[in-house]
Amino acid sequence: MNDEDDRVFFRAEVEPLLDRLYGAALRLTRNPADAEDLVSETVAKAWANFGQLADRQAFPKWLFRILANTFISDCRHAQREPCKTFAVLDGEQPFSLFERLHQPFLLWWSNPEQELVNKLLREDIERALDSLPVDFRTVVILVEINGYSYAEVAELLGVPIGTVRSRLSRARSRLQRALWTQAQAAGLLTGAGDEAVVHE
Amino acid sequence: MSEHDRTRCEEVIGHLLHYLDGEIDAAKRAEIDRHLQECRGCYSRAEFEKALRDKIGKLGEEKAPASLRQRIKALMDAF
């Protein structure tokens, strides 16, 4: 049974984390209503298991772990829309935006790759991230948005650390390829490979 | 660029994302730090990857809707 001190601590910790919890949930589920459900389910589970948390300083990370686990578990059971596209391991080539854009012989103040990053809007990055298969998207979110280590992600997902590394590497490659395609479609670039130019 | 330099750059590029993730040991990190101070190409690449990951990191910054705040408050009131 949780006592009043626990209740006060729990509320005081959860409220300031709601924006970040919702942000992570929205990136995972890609849908505001599902994100709200996921956060709500996470908070309910956290309270039900609060007695198992030994180190209260670890509360934020513990809460995000419950969020990610709940999402993954829901995906496995429900096969809802954001979960359908598991990554197909094929022989795709690594893709690097930097290699496509960098022009080593330009004058030092010209920096096309940095210009492209500056032009990318939040919605461009969101669309590229959302286009990734769920298992790739999840590792990017856990590492780059939530700041988990590879070992923590491996434990959380129940996969070897080498799998985390390889998923992350493939995910980043696909994300950069998606950004390249979007940038071309938006007319931010012309040409390809060494001839690509970033437009104003 | 000499063959030796090219090999060095390839090695650094191979480790660069793990370096930026803070997932390499201290000795390798120091080696890459040194290389990035000397090699303009690898330095530019590291800066580019850092800028891109900063933009991705910002995707977690959302404002929880009022409906969610009310729902969580009601949930916690019932605990």
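This is a predicted model: local features need pLDDT of at least 70, side-chain atom pairs count only at pLDDT 80 or more; totals for chains, interfaces and linings use all residues.
Okay, some background on chain A. Of its 200 residues, 33% are buried. And if you take the contacts in chain A with a separation of 6 or more, 66% of them are between residues 24 or more positions apart.

Now, the domains. Chain A is divided into domain 1, residues 4-83, and domain 2, residues 97-198. Where they meet, twelve residues of domain 1 are in contact with ten residues of domain 2. On the domain 1 side, the elements giving two or more residues are α1 (4-29) and α3 (59-78) of chain A. Which one gives the most? It's α3(A), with six residues. If you sort that domain 1 side by residue type, you find eight nonpolar, one polar and three charged.

Let's zoom in on one helix, α2 of chain A, residues 32-48. With 17 residues at 1.5 Å a residue, α2(A) should span 24 Å, and its end C-alpha atoms are 24 Å apart, so the two agree. Which of its residues are buried? They're A:Ala35, A:Glu36, A:Leu38, A:Val39, A:Thr42, A:Val43 and A:Ala46. Those residues cover an arc of only 160° around the axis, so they sit on the same side of α2(A). Look at the face turned away from that buried side, and you'll see the exposed residues A:Ala33 and A:Ala48.

Compare that with helix α7 of chain A, residues 134-145. This one is mostly covered, with eleven of its twelve residues buried. Among them are A:Phe136, A:Arg137, A:Val139, A:Val140 and A:Glu144. After α7(A) comes A:Gly147, which has a positive phi, near 75°.

The largest nonpolar core has 53 residues, and the ones with the most contacts inside it are A:Ala25, A:Leu67, A:Val139 and A:Val140. The largest share of this core is eight residues, and it comes from α1(A). Both domains of chain A take part, too: the core draws at least three residues from each of domain 1 and domain 2.

What does it touch, leaving out residues up to four places away in sequence? The list is A:Leu129, A:Leu132, A:Leu168, A:Ala171, A:Leu175 and, from the other chain, B:Ile56.

That takes us across to chain B. The contact between the chains takes 28 residues from chain B and 37 residues from chain A. On the chain B side, the elements giving two or more residues are α3 (40-57) and α4 (66-77). The biggest contribution there is from α3(B), with ten residues. By type, that side of chain B divides into twelve nonpolar, five polar and eleven charged.

Is it buried or exposed? B:Glu38 has 10 other C-beta atoms within 10 Å, and exposed means 12 or fewer, so B:Glu38 counts as exposed. As for B:Ile56, it comes 18 residues from B:Glu38 along the chain, and their C-alpha atoms are separated by 28 Å.

How values were computed: Residues are numbered from 1 along each chain as its sequence is written. Chains are lettered from A and ligands numbered from 1 in the order in which they are written. A residue is buried if 20 or more other C-beta atoms lie within 10 Å of its own, exposed if 12 or fewer, and partly exposed in between; C-beta atoms are placed from the backbone. Helices (H or I, at least four residues) and strands (E, at least two) are DSSP runs, numbered from the N terminus. Two residues are in contact if their C-beta atoms, placed from the backbone, lie within 7 Å. Ala, Val, Leu, Ile, Met, Phe, Trp, Tyr, Cys and Pro count as nonpolar, Asp, Glu, Lys and Arg as charged, and the others, Gly among them, as polar. Domain bounds come from an automatic or database domain assignment. The expected span of a helix is 1.5 Å times one less than its number of residues. The arc is that of the directions from the helix axis to the C-beta atoms. A nonpolar core is a set of buried Ala, Val, Leu, Ile, Met, Phe, Trp, Tyr and Cys residues joined through C-beta atoms within 7 Å.
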